[in-house]
Every structure is written in C-alpha cells, then in structure tokens.
Amino acid sequence: MPLITRNRAAVGTLAAGAVAAALVLSPAPAAADHEDTPTVRELLERCGESTDLCEFHPSGPPEYFQNTAEQVGAPVYNCTDHEQLSQVSWSKTTGESNSVNLSMTATFGAIFKQSFTVSYGHEWSSEHTQTQRTQITAQPGEVATVYYGPRMQRVHGTYELHFGSRQWGHYIWYAPFTAEGPADDQGSTVTQSTRPMTDQERAAFCG
C-alpha cells in the first residue's frame, strides 16, 4: 500500500468482511505524533459530525454473489403411507451489513448510498423481503424442507475524511470500507430437500 504524504494517514487493507482496525501512518518526525491510532469505526463515527469533508470512493463495480441458503417456512412431515404434496408459505427479509458493524442509518451510511447511486446509476437496496408459497413433495416417512438463498451485492471502497484540526495527529484520513446488501436484480434461489424422518421426529410429529 502506498504511503500518504505528510499529515495524512491511510488505513491498512484487511481481509474481506473483516473489521478494519490497523492504520498505516505517513513518515513523520519521531516526536510528531504520540496520540493513539484510531480504528475505522472511530473515524466513520465522526463522519459528518466533526469533519469538513467525508466522501466515499467506490473501487470497482459491485460484486454479485449468492448468499448461503437458509431454511424458510415450516418443515413438512409426511406421516401417511402415500406421497404428499404440500404448499409451504414463507417470508424472508434480507438486510445490509458492513465491515465496521455500524448502522447504515448514520451519516456515513447516507454518504455511502448517495455515492453508490451516483457511481452505478441505481439506488442501494438496504433490505429486501421475499414472500412465496412453495410447492413441496414428500414421500411416506420423509420430512421436506424449503431453502432460500438471496442474491447479494458487495461494494468495496475508501472513505476520505478531512478534519479542521488534527485528529490523532493528522488532518486527513483514508478508511477502507465494505458493504453488503440484497441485489436489486434478485435472481435468488429457492430449493427443497427431503430426507427420512428420525425416530424422534416420527414420535413427535406422527404420534
């Protein structure tokens, strides 16, 4: 990572999804800065509150990926001696998250969403709710389950923060940031699986 010029600091890049906390300082006289180094979270908490400038700069287009499928709705237990066709009603809400575990309703979140819209031509989706009735088939003695995996987007970038007075020894800080949220173009996956009931399940659900 290139070092920043005098009176500037750069936050070191951490592994994707990790909370960034380590900072790399620009060269300075040994006695020039004895203050503690801030975390990315501490910097972003000051965004728009004690900064002259707080901007988010995306690095590259959004990354799209399929989120891990999770069970939705209630499992169907077939206690009969014939194939059973059922409708499973379910609803699942997928929200946003970020690398510093701060609420995106804060000022830095509003700045991120505005920058996202300007950069990519559509709004950031903070939340998506999928509601559906899924038809599922279970053979005698089986339990059938529905799974839902939302399509997600991930954005990497850097916050640029300017302070009117030195903060932790510097006027300007750069902080890496990653946010994840549901993709507008959903393309989510809905799957189902079946397996034999356990003895405990048969006793509990079949009487």
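This short talk covers the aromatic pairs and the disulfides of the structure above.

First, the ground rules. This is a predicted model, where local features need pLDDT of at least 70, side-chain atom pairs count only at pLDDT 80 or more, and totals for chains, interfaces and linings use all residues. Residues are numbered from 1 along each chain as its sequence is written, and side-chain values use heavy atoms, with hydrogens and water left out.

Let's start with the rings. Rings of Phe, Tyr and Trp (its six-membered ring) pair if their centres lie within 6.5 Å; planes under 30 degrees apart are stacked, over 60 edge-to-face, and the rest tilted. That rule gives 14 aromatic pairs. Take Tyr-77 and Phe-205. Their ring centres are 3.8 Å apart and their planes are at 10 degrees, so this pair is stacked. Tyr-77 is in strand β5 (residues 70-77) and Phe-205 in helix α3 (residues 199-206), so the pair links distant parts of the chain, 128 residues apart. Helices (H or I, at least four residues) and strands (E, at least two) are DSSP runs, numbered from the N terminus.

At 48%, Phe-205 is partly exposed.

Next pair: Phe-112 and Trp-124. Centres 5.0 Å apart, planes at 85 degrees, so edge-to-face. Phe-112 lies in helix α2 (residues 107-120), and Trp-124 in the loop between α2 and β8 (127-138). Both Phe-112 and Trp-124 are buried. They also belong to one aromatic cluster, whose members include Phe-56, Phe-108, Phe-116 and Tyr-159.

The charged end of Arg-154 sits over the ring of Phe-65, 4.2 Å from its centre. The rule here: NZ of Lys or CZ of Arg within 6 Å of the ring centre and within 35 degrees of the ring normal.

Now the disulfides. A disulfide is a covalent bond between the sulfur atoms of two cysteines. Here it is counted when a pair of cysteine sulfur atoms lies within 2.5 Å. How many disulfides does that give? The count is 2.

Cys-47 and Cys-54 form one, with sulfur atoms 1.9 Å apart. That link is left-handed, at -105 degrees about the S-S bond. Cys-47 is buried at 1%, and Cys-54 is buried at 12%.

Cys-79 and Cys-206 form a disulfide too, with sulfur atoms 1.9 Å apart. The link is left-handed, at -75 degrees. Cys-79 is in the loop between β5 and β6 (84-95) and Cys-206 in helix α3, 127 residues apart. Cys-79 is partly exposed at 39%, and Cys-206 is partly exposed at 29%.

How values were computed: Buried means under 20% relative accessible area, exposed over 50%, partly exposed in between (1.4 Å probe, protein chains only).
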